[in-house]
Amino acid sequence: MIIAITNFQLPKPVTREEAQRLFLSTAPTYQGVTGLVRKSYVVSDDGSSVGGIYLWNSRAEAEAVFTESWRAYVRGKYNSEPSVTYFDSPVTVDNVTHEILSDA
């Protein structure tokens with residue numbers, strides 16, 4: 001599995017509540033996305049940056065989403081250039097489903 005972390009600076013800081021409203025406005029677009037296991041939205045303590053932590057089945061499926069079109073959408077919505085960092089995640093502990101997930 002792959003973890004992708006996105007991050008971008010905001011033109012002005014947001015409160016947690018403002019960030020939550022922004023995130024809820026885009027969350028439905030991630031439901032049912034091929035290969036996406038889970039997405040967590042994140043906001044920095046000072047509200048100056050936001051992003052997401054994604055768990056994907058494969059890097060190819062992640063890269064199919066984080067395209068130039070996605071980057072343009074983020075630039076348009078948040079007026080900021082996003083970064084995407086990928087990590088290999090051979091094992092994930094899920095305490096909600098009580099599973100240990102592995103791509104082995």
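## Helix α3 and its ends

At the start of α3, a side-chain oxygen of Thr67 comes to within 3.3 Å of the backbone nitrogen of Ser69. Just after the helix, Asn79 adopts a positive phi of about 55 degrees. Helices here are DSSP runs of H or I with at least four residues, strands are runs of E with at least two, and both are numbered from the N terminus.

## Basis of the model

The model is predicted, so local features need pLDDT of at least 70 and side-chain atom pairs count only at pLDDT 80 or more, whereas totals for chains, interfaces and linings use all residues. Residues are numbered from 1 along each chain as its sequence is written, and side-chain values use heavy atoms, with hydrogens and water left out.

In α3, which spans residues 68-78, the buried residues (under 20% relative accessible area, with a 1.4 Å probe and protein chains only) are Trp70, Val74 and Tyr78. Seen down the axis of α3, they fall within an arc of 40 degrees, taken from the directions from the helix axis to the C-beta atoms, so they line one face of the helix.

The face turned away from this buried side carries Ser69 and Gly76, which are exposed, meaning over 50% relative accessible area. Among the elements that cover the buried residues of α3 are β1 (2-9), α1 (16-26), β3 (49-56), α2 (59-65) and β4.

## Ser89 in its loop

Ser89 lies in the loop between β4 (83-88) and β5 (91-94), and it is buried, with a relative accessible area of 6%. Leaving aside residues up to four places away in sequence, Ser89 touches Met1, Ile2, Ile3 and Asp103, where contact means heavy atoms within 4.5 Å.

Conventions: Polar contact = N/O pair within 3.5 Å; in protein donor to acceptor, adjacent residues only side chain to side chain.
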